[in-house]
Amino acid sequence: MSTNINLSRRTFIKATAFVAGGLVIAFSIPYAKRFMQKEQAAAPGQDKPLPVPNAFLRIGTDDSITVMLAHSEMGQGVWTTLPMLIADELDADWSKIKVEHAPAAPDYIHTAYGIQITGGSSTTWSEFDRYRQAGALTRALLIQAAANTWGVAVDSLRTENGFVRNGEQTLSYGQLAEKAAGLETPTHVTLKTPDQWKFIGKPTRRLDSAEKINGTAKFGQDIQFEGLKIGMVARSPVFGTTLASVDDSATLKVSGVIKVVKVPTGVAVIADHYWAAKQGRDALKLTWQTEGKEKPDSAALLKQYSALAQQPGLSAAKAGDTAQALKQAAHTVTAEYVLPYLSHAPMEPLNCAVKITEDGCEIWTGTQMQTTDQGAAAKILGMPPEKVMIHTQFLGGGFGRRANPRADFVSEAVEVAKAAGMPVKTVWSREDDIKGGFYRPMFVHRASIGMDADGKPQAWQHTLVGQSIILGTPFEKVMIKDGIDATSVEGVADSPYVKDLPNHQVELHTMPSAVPVLWWRSVGHSHSAFVMESLIDELAHTAKQDPVAYRRQLLKNHPRHLATLNLAAEKAGWDKPLPEGIFRGIAVHESFGSVVTQIAEVSVKEGQVKVHRMVTAIDCGLAVNPDGVKAQMESSIAFGLGAALSSEISFKDGEVVQSNFHDYQVLRMKDMPKVEVYIVQSSEKMGGVGEPGLPPVAPAVTNAIFAATGKRLRSLPIANQLA
Amino acid sequence: MKLNINGQDTELNVSDDMPILWAIRDIAGLTGTKFGCGMAQCGACTIHLDGQAIRSCVTPVSAAVGKKITTIEAMQDDKVGQVVQAAWQEIDVVQCGYCQSGQIMSATSLLRQNPKPTDADIDNAMSGNICRCGTYQRIKAAIHEAAEKLA
């Protein structure tokens with residue numbers, strides 16, 4: 001069945017010539033949701049025309065096809081996936097595809113979220129129609145241009161690999177681009193059927209590979225131009241405290257240091273290069289106003305959170321009479337789970353280059369949230385947002401850190417450049433990154449589950465304690481309902497294990513704190529899946545049932561869960577014996593519209609855990625680039641396993657204890673298991689792939705550790721808990 | 001100070017204690033070598049000094065005087081480097097890509113010293129190079145692939 005799309009009703013399309021000659025296709029799609037109404041209203045001049053080529057696709061007279069990415073490439077592969085969508089509808093020559101990050105502009109606003117954002121594992125599903133439409137529309141214009149040129153009917157022409165053909169006659173897309181630019185845009189296009197796809201659904205190599213292996217790919221960190229100075233900011237070691245005094249006399253003597261300026265977040269040293277800025281900053285003598293301020297301490301926080309977890313909180317989900325049902329249960333499992341603060345620690349430390357002129361401001365950085373950063377910069381500078389140009393560079397990892405509703409590193413860079421009175425690139429050291437906040441929040445969960453005589457759960461009481469990511473941000477109005485931040489309780493309040501029970505109660509204590517928190521790859525699922533899938537393992541053990549068989553029974557009305565569970569169990573050989581000393585654990589979790597099962601094979605020797613193999617099965621609906629999906633599963637395993645084994649941010653006397661990769665440990669090659677990924681052939685609605693692989697990693701591993709040792713790990717990281 | 005970078009003698013106005021990383025990035029303008037941690041913990045800054053893989057973020061320029069600095073920018077002209085880069089593309093290793101310059105420099109150095117590394121050899125040689133995207137499995141496969149091509 002072909003997909004007919006009435007473009008006129010949904011979109012405003014422009015097909016125009018661009019300065020260098022050729023065809024530009026621009027779309028304006030009304031925002032699906034006014035997600036950021038507050039921000040939109042606060043930003044003056046949004047409706048004015050923008051001084052940018054707001055297009056999705058440009059065809060040059062040299063046959064080049066330039067795809068503009070409305071989303072940021074941060075490793076997840078959208079630099080390749082989105083062009084695949086266009087190439088299929090356009091019948092493009094893949095070798096002619098070039099890719100560019102789009103500027104910050106209304107045309108590139110997320111089709112579902114209403115701001116320009118790369119997050120929520122949403123790029124591919126949210127652009128599946130828009131980018132295919134751009135390709136189909138362009139193809140229709142090129143065919144019309146060819147038909148006009150040859151004086152033949154459109155129906156007699158076909159397209160192939162970058163050419164329009166009429167029997168033996170051909171015209172390349174580049175030859176037709178200028179003629180096509182003058183044509184009226186069609187109001188209907190017919191999208192291809194899956195059997196006509198050449199790219200979608202086929203493993204496709206990345207388009208950004210060559211430049212990333214020869215050192216030419218430009219990350220924000222690599223921005224250099226005449227007059228651009230380096231800035232490093234000294235920030236308070238205790239969150240929420242302010243500067244008391246500055247002595248910069250030693251700093252100003254450091255060769256290469258230009259000046260020292262105060263900014264809202266601290267003191268910035270401006271220098272000719274990083275080494276001078278670093279030495280200059282090290283030489284600053286600063287005191288901070290910390291008296292009477294909150295000084296977080298991990299041990300005290302744990303005590304406080306644990307106590308609260310036994311008190312009633314705000315209701316996030318409720319059915320039946322859970323207290324009564326728990327009293328009547330044949331067996332009850334009650335357990336407390338603890339998860340630490342975590343840093344994203346992307347390989348590329350944060351940085352942002354800012355050049356302010358009389359006419360506006362230019363910003364070069366790797367960001368996941370262009371329009372938010374643009375709005376924040378505009379507000380600081382007192383100029384309309386369209387005067388702020390954002391040049392998105394490749395992101396050296398994001399994992400959520402570069403998607404900050406508070407626009408922290410961009411706002412600070414703008415403040416620094418403004419105070420310095422010259423173009424400045426702020427660079428964070430690794431210590432700044434690890435100590436700089438915006439962590440995955442610490443969480444304590446406490447659950448009591450009542451089971452019947454057969455071991456089936458009948459009632460589920462679950463209390464969570466932790467900070468809200470959303471509270472105090474512009475997203476608060478939309479994402480916090482009745483005091484519940486949906487990202488705090490996701491994976492519990494909406495869990496099929498919980499929702500299917502006639503008696504359940506999920507409650508939340510939202511903790512106030514000056515410690516800045518943020519979404520960390522898979523957000524709330526990063527802690528909730530560990531708790532839920534560990535609890536299910538505890539129930540299976542109490543019921544004396546096999547963990548896979550037990551889950552099959554509980555998930556019998558959830559076909560996507562079952563499909564991944566069965567596929568992973570089959571591929572891992574769940575029913576077959578393992579080599580001596582190796583034990584298995586399983587976990588299944590739904591997040592971001594996809595379901596993933598992970599099976600871990602683990603050994604424990606002298607307290608040391610070794611994960612030998614991970615078998616992954618994912619149902620993400622259509623896998624546009626199956627090799628990309630596999631890469632994201634491998635990536636999620638490495639990211640999730642590193643955190644599970646050894647990552648933790650802790651506080652002592654108000655300060656962050658960890659500082660760099662020696663004490664904030666992440667996964668290294670020697671600990672990378674063999675990963676096998678299997679994709680469920682699925683016709684379900686498309687889901688995400690960047691995050692859903694991660695949540696079931698930690699519980700699969702700790703469930704395997706339980707199988708190996710009989711010890712139930714109820715906190716992360718695993719670290720030396722088995723020693 | 002005179003430094004030999006990628007076969008060219010280059011005069012750089014830098015202090016003795018400046019790490020090679022910042023001399024090649026901020027002074028010479030060669031940005032392919034990356035800053036990741038500043039304390040030899042992540043390997044993003046790996047370069048070759050007289051053919052040996054070193055962490056340029058903790059090695060002062062004074063240690064490079066009279067020696068040859070080789071960076072990722074020169075790997076396409078290096079026999080082993082070319083093969084390693086081709087294997088990286090064949091296996092489609094990269095994700096965000098930020099660590100890959102360092103990974104390739106470490107892998108190239110490994111293959112020069114050990115043309116047929118085992119998995120354990122690779123783990124030993126490469127565990128100083130962090131990849132937050134977790135491309136380790138593909139890096140290992142690409143090193144094996146390059147070793148086969150070089151044999």
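Predicted model: local features only at pLDDT ≥ 70, side-chain atom pairs only at ≥ 80, totals over all residues.
**Entry 1: domains of chain A**

I started with how chain A is divided. The assignment gives domain 1 as 3-213, domain 2 as 220-291 + 350-427, and domain 3 as 298-341 + 439-709. I then looked at how domains 2 and 3 of chain A sit relative to each other. Their centres, taken over C-alpha atoms, are 37 Å apart. Where they meet, 12 residues of domain 2 of chain A contact 12 residues of domain 3 of chain A. On the domain 2 side I noted six nonpolar, four polar and two charged residues.

**Entry 2: a five-stranded sheet**

Next I traced a sheet in chain A. Its five strands run in the order 16-26-23-22-17, the sheet is open, and the pairing is mixed. Which strands stand at the edges? Strand 16 (314-319) and strand 17 (331-339) of chain A do; each has a single partner strand, so one side of each has no neighbour in the sheet.

One pairing I jotted down: Val338(A) has Val444(A), in strand 22, as its bridge partner.

Then I checked what packs over this part of the sheet. Helix 16 (residues 525-542) of chain A lies across strand 17, strand 22 and strand 23 (457-466) of chain A. Helix 16 runs at about 150° to strand 17 of chain A.

**Entry 3: helix 10 of chain A**

Is the helix mostly covered or mostly open? Mostly covered: 10 of the 12 residues are buried. The buried ones include Gln370(A), Asp373(A), Gly375(A), Ala377(A) and Ile380(A).

**Entry 4: chain B against chain A**

Last, I looked at where the two chains touch. I find 44 residues of chain B in contact with 49 residues of chain A. Which helices of chain B each supply at least two residues to its side of this contact? My list reads helix 1 (20-27), helix 2 (79-91), helix 3 (100-113), helix 4 (119-126) and helix 5 (136-150). By class, the chain B side has 22 nonpolar, 17 polar and five charged residues.

Definitions and conventions. Residues numbered from 1 in each chain as written. Chains lettered and ligands numbered in written order. Buried ≥ 20, exposed ≤ 12 C-beta atoms within 10 Å, placed from the backbone. Helix = DSSP H or I, 4+ residues; strand = E, 2+ residues; numbered from the N terminus. Domains from an automatic or database assignment. Contact = placed C-beta atoms within 7 Å. Nonpolar A, V, L, I, M, F, W, Y, C, P; charged D, E, K, R; others polar. Pairing = 2+ DSSP bridges. Axes fitted to C-alpha atoms, helices over the stretch in contact; angles between N-to-C directions.
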